[in-house]
Amino acid sequence: MSSNALGLAAVLLVTVATLAIGTWGLRFSRTTSDFFVASRSVHPGLNASAISGEYLSAASFLGIAGLVLSFGAEMLWYPVGWTAGYLVLLVLVAAPLRRSGAYTLPDFAEARLESRTVRTLASVMVVAIGWLYVMPQLQGAGVALRTATGLPGWAGGLVVAVVVLLNVLSGGMRSITFVQAFQYWLKLTALLLPLVFLVVVWLGDGGRSPADPSLFVGGESGTAWADPVDFAGGHPLYSTYSLMVATFLGTMGLPHVVVRFYTNPDGRAARQTTVAVLGLLGLFYVLPPVYAALGRLYAPDLVGTTGADGVVLELPSRMIGGTGGDLLTALLTAGAFAAFLATSSGLTVAVAGVITQDVMSKRVEGVTAFRLSAVVAVVVPFLLALVARDVAVATVVGLAFAMAAATFCPLLLLGIWWRGLTDAGAISGLFVGGALTGGAVVDNLLVDRDGGWFAALVSQPAAWAVPLAFATMVAVSRLTPHRLPAHTSRFMVRLHTPETVQLDRG
Amino acid sequence: MAFEGLRSRWYARQLGSDADLATYRTLHTASLASPALRQGLNAESVERALRHLRNLLGTAAVAIADTHDLLGYDGLSTHHADQAQAIALRAVDATSTVVAGRAELACDTQGCLVQQAIASPLVIDDRVAGALVALTDEASASLLRATEEVAAWVSGQLELAELDESRHRLVRAEVRALRAQISPHFIYNSLGAIASFVRTDPDRARDLLLEFADFTRYSFRQHGDFTTLAEELRSIERYLLLEQARFGDRLRVTLQVAPEVLGVSIPFLCLQPLVENAVQHGLRSVAGGGHVTIEARDADRECVISIEDNGAGEDPGRIREALAGESAGESVGLANVDERLRTTFGDEYGLVVETAPGAGTRVVVRVPKFAPGVAP
């Protein structure tokens with residue numbers, strides 16, 4: 001009972017703090033004496049913390065530990081991919097995207113291809129990816145609340161949905177860089193501090209290796225668990241590579257990540273920010289697998305069950321117990337809740353912004369339009385979370401990445417690095433990529449398949465959908481050279497010339 | 001039969017009689033041609049408009065020429081294009097409608113649908129800019145009338161296009177004027193203030209001179225219509241430093257800028273005049289000196305900038321007049337900024353001024369973070 005009360009208190013604390021910051025905002029008043037401070041832009045390090053804070057979702061905080069616990073080291077490809085995606089972003093996209101002046105992905109599509117149709121299609125994809133990404137956040141919140149407080153799963157989702165909605169409607173967390181940066185350090189602390197205690201307990205218990213060959217959990221030996229390629233499905237090699245394609249190429253297409261790059265003053269700062277994000281994410285992702293390894297020793301009954309996602313929250317009470325264990329659980333619950341709120345709010349704002357601009361604003365006035373859009377942006381994924389069968393949080397997030405990789409990745413890469421891209425090519429490519437991955441998502445959420453090539457292809461669609469989308473864009477662009485936008489060369493110069501070079505960018 | 005009669009009566013009641021429907025159709029066809037013609041008289045706009053003009057006139061072919069060449073020909077019997085050009089030029093020279101008969105439109109094609117032509121001049125601001133040619137098999141008095149009317153309507157659209165263009169020219173001229181306008185008083189006063197420090201505080205005088213140099217370099221720069229919010233704020237900062245050197249504690253400034261919006265692209269010198277107004281209003285106010293607050297907030301897709309002073313305020317009616325361009329005087333800057341924001345981002349992004357006598361003034365500028373074609 002006391003553990004439930006502490007868990008609830010932690011959730012309440014995070015909620016109230018988030019709403020308070022959102023409502024009253026952080027106001028820094030400045031006078032002319034420190035005018036220079038005011039016109040100084042956001043430091044790449046701070047911006048990187050903010051990006052990481054918004055990016056590290058329930059899938060990272062809870063999902064990875066659950067997957068690694070159940071399926072073993074091959075699941076480490078998820079955090080590896082989620083980090084490595086920023087490497088691709090750094091090398092190929094960050095600086096040119098910032099120089100394009102675009103705030104959102106549809107903005108970039110419109111600026112590059114001078115077409116309203118491409119913009120509309122890109123907006124539809126933003127909404128689809130956003131919903132697909134918010135849905136598992138709500139499911140994960142259900143898991144967290146069930147573990148911490150004993151509430152039923154749907155209630156947790158409902159609570160998060162309501163809090164996110166309030167938060168977004170109050171104008172909170174919108175893009176206050178400082179608040180999002182704080183979120184990262186909160187999550188890191190919430191995961192690191194309990195882990196220190198847990199590792200001390202583990203050492204005190206003799207420090208047995210979770211990968212000990214003689215340790216059988218759920219019928220799997222320690223060696224098999226620690227093997228990085230032995231994938232759970234029927235076609236491990238294909239699934240692993242497909243996952244890598246999805247996560248490496250999908251990061252650049254996440255709507256709530258891209259808008260943060262606008263805060264960088266120039267392309268160079270955008271690159272510096274991305275490097276810092278790589279470091280911060282790398283640091284964070286060391287922690288969840290350790291929880292999973294400890295879970296193999298101390299919570300073997302969770303392996304392979306849907307409760308595996310809650311292993312991070314279970315460990316303190318099992319290993320330490322008492323008030324200390326309850327306090328650590330409360331801290332972890334708070335961190336997990338912060339993770340849902342940050343990511344869901346960021347995505348909801350992104351999705352609601354798109355709905356406002358492209359659908360609502362033609363029918364309803366100003367603020368009402370945004371409010372209505374925010375409601376739609378939260379309610380749909382909540383209903384999806386209720387309808388869909390029980391799929392691991394990280395799996396659904398993986399599908400969102402696959403969809404981003406099959407749509408926005410070709411659009412961005414070809415848009416930035418190939419002057420031959422036409423609006424017709426982009427439209428057909430977005431359509432093919434979106435339809436293929438969308439079909440795979442629907443199949444995944446509704447049908448439970450066991451084994452076989454078809455199941456492997458559908459559960460990890462990136463490896464075939466991404467090349468098809470690329471091929472379609474290139475082929476259709478080649479067939480429609482007369483549709484090349486009039487100002488392509490000029491725009492390319494803008495994208496690729498460092499800001500320090502003097503030239504007429506008009 | 002009874003049903004048919006019922007239906008046609010229902011249509012007549014709901015949608016108007018046949019004559020009404022014909023009027024609507026005509027107006028609709030005309031409205032289709034209008035956007036193209038508003039681009040001005042050139043081959044591209046003419047090509048887009050001609051199809052609709054042919055529907056409007058119902059002739060076999062139509063053509064439009066400027067004072068030298070044929071700009072476009074739409075319809076059947078394209079081998080008459082050269083003759084159409086000759087007839088058009090004749091109308092341009094005559095500055096009145098001309099009718100050409102079979103003799104001028106001779107051709108070898110059996111049953112050619114183009115036998116006669118009517119050309120009517122297009123007049124923009126009392127100047128003949130071209131001619132509209134209707135080519136038909138049988139020119140009638142009613143077609144002559146219709147051609148003249150359509151030519152007059154096209155002329156009207158082209159005049160509007162000229163008006164758009166001259167409005168843009170005016171805005172560009174106003175920006176240039178604004179750059180030049182910053183100067184006399186401010187330069188004189190700043191140099192005076194700097195001079196007063198030369199003996200007492202030479203270091204400060206030197207710093208102020210450098211600020212002054214940077215300020216003028218920015219304000220008089222020649223290239224680019226756009227700048228970033230950070231650049232504009234930096235220039236405003238220099239301006240305020242110079243004003244503070246002159247007024248000391250009588251001018252207080254508070255600044256709240258969300259660092260996220262510093263990279264937003266805005267029209268060059270669109271905040272500077274507003275700050276200048278605020279400083280003047282504030283200083284003209286009561287005892288205790290003026291207080292100017294500059295705030296830039298992040299609002300998702302937009303950046304909201306507000307400039308507020310605690311001055312004497314103004315009658316809202318006068319501000320309305322100033323924004324409508326009906327009164328001259330110190331609010332020229334206000335109207336200019338408003339006009340430039342509207343032409344750059346669209347009418348919904350005009351200035352919002354909140355003021356009342358004795359209550360200070362607050363000017364709010366909204367700027368989208370991204371607008372196609374807007375970049376420094």
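Predicted model: local features only at pLDDT ≥ 70, side-chain atom pairs only at ≥ 80, totals over all residues.
Me: Where does Glu232(B) sit, and is it buried or exposed?
Reply: Glu232(B) belongs to helix 8 of chain B, which covers residues 229-247. Glu232(B) counts as buried because 25 C-beta neighbours lie inside 10 Å, and the threshold for a buried residue is 20 or more.

Me: What does Arg112(A) touch, not counting residues up to four places away in sequence?
Reply: On that basis Arg112(A) touches Gly415(A) and Phe491(A). As for Val179(A), it is 67 residues from Arg112(A) in sequence and 32 Å from it in space, C-alpha to C-alpha.

Me: How do helix 5 and helix 13 of chain A pack?
Reply: Helix 5 (residues 77-99) and helix 13 (residues 267-285) of chain A pack at an angle of about 170°, and their axes are 8 Å apart. Helix 5 of chain A is therefore roughly antiparallel to helix 13 of chain A; the cut-off for that description is an angle over 145 degrees.

Me: Which residues meet there?
Reply: From helix 5 of chain A, the residues include Tyr86(A), Leu87(A), Leu90(A) and Arg99(A); from helix 13 of chain A, they include Arg271(A), Val275(A), Leu278(A) and Tyr285(A). The residues of this contact divide into 14 nonpolar, four polar and four charged.

Me: Which residues of helix 13 of chain A are buried?
Reply: Among them are Gly267(A), Ala270(A), Thr274(A), Val277(A), Leu281(A) and Phe284(A). The cover over the buried residues of helix 13 of chain A includes helix 3 (44-55), helix 5, helix 9 and helix 14 (287-298) of chain A.

Me: How many residues does helix 13 of chain A have, and what does it span?
Reply: Helix 13 of chain A has 19 residues, and 27 Å separates its first C-alpha from its last, close to the 27 Å expected at 1.5 Å a residue. For helix 9 of chain A (residues 177-204), the 28 residues should span 40 Å at 1.5 Å a residue, and the end C-alpha atoms are 41 Å apart, which agrees.

Me: What follows helix 9 of chain A?
Reply: Helix 9 of chain A is followed by Gly206(A), which has a positive phi, near 110°.

Me: On to the sheets. What is the strand order in the open sheet of chain B?
Reply: The five strands of this sheet in chain B are ordered 2-1-5-4-3, with antiparallel pairing. Strand 2 (70-75) and strand 3 (98-100) of chain B are the edges; each has a single partner strand, so one side of each lacks a neighbour in the sheet. From one strand to the next, the twist averages 20°.

Me: How many bridges join strand 1 to strand 2 of chain B, and what lies across them?
Reply: Strand 1 (residues 61-66) and strand 2 of chain B run antiparallel and are joined by five bridges. One bridge pairs Ala65(B) with Leu70(B) in strand 2 of chain B. Helix 3 (residues 43-57) of chain B lies across strand 1, strand 2 and strand 5 (127-136) of chain B, at about 40° to strand 2 of chain B.

Definitions and conventions:
Residues numbered from 1 in each chain as written. Chains lettered and ligands numbered in written order. Helix = DSSP H or I, 4+ residues; strand = E, 2+ residues; numbered from the N terminus. Expected span 1.5 Å × (residues − 1). Axes fitted to C-alpha atoms, helices over the stretch in contact; angles between N-to-C directions. Parallel < 35°, antiparallel > 145°, perpendicular 65-115°, else oblique. Contact = placed C-beta atoms within 7 Å. Nonpolar A, V, L, I, M, F, W, Y, C, P; charged D, E, K, R; others polar. Pairing = 2+ DSSP bridges. Buried ≥ 20, exposed ≤ 12 C-beta atoms within 10 Å, placed from the backbone.
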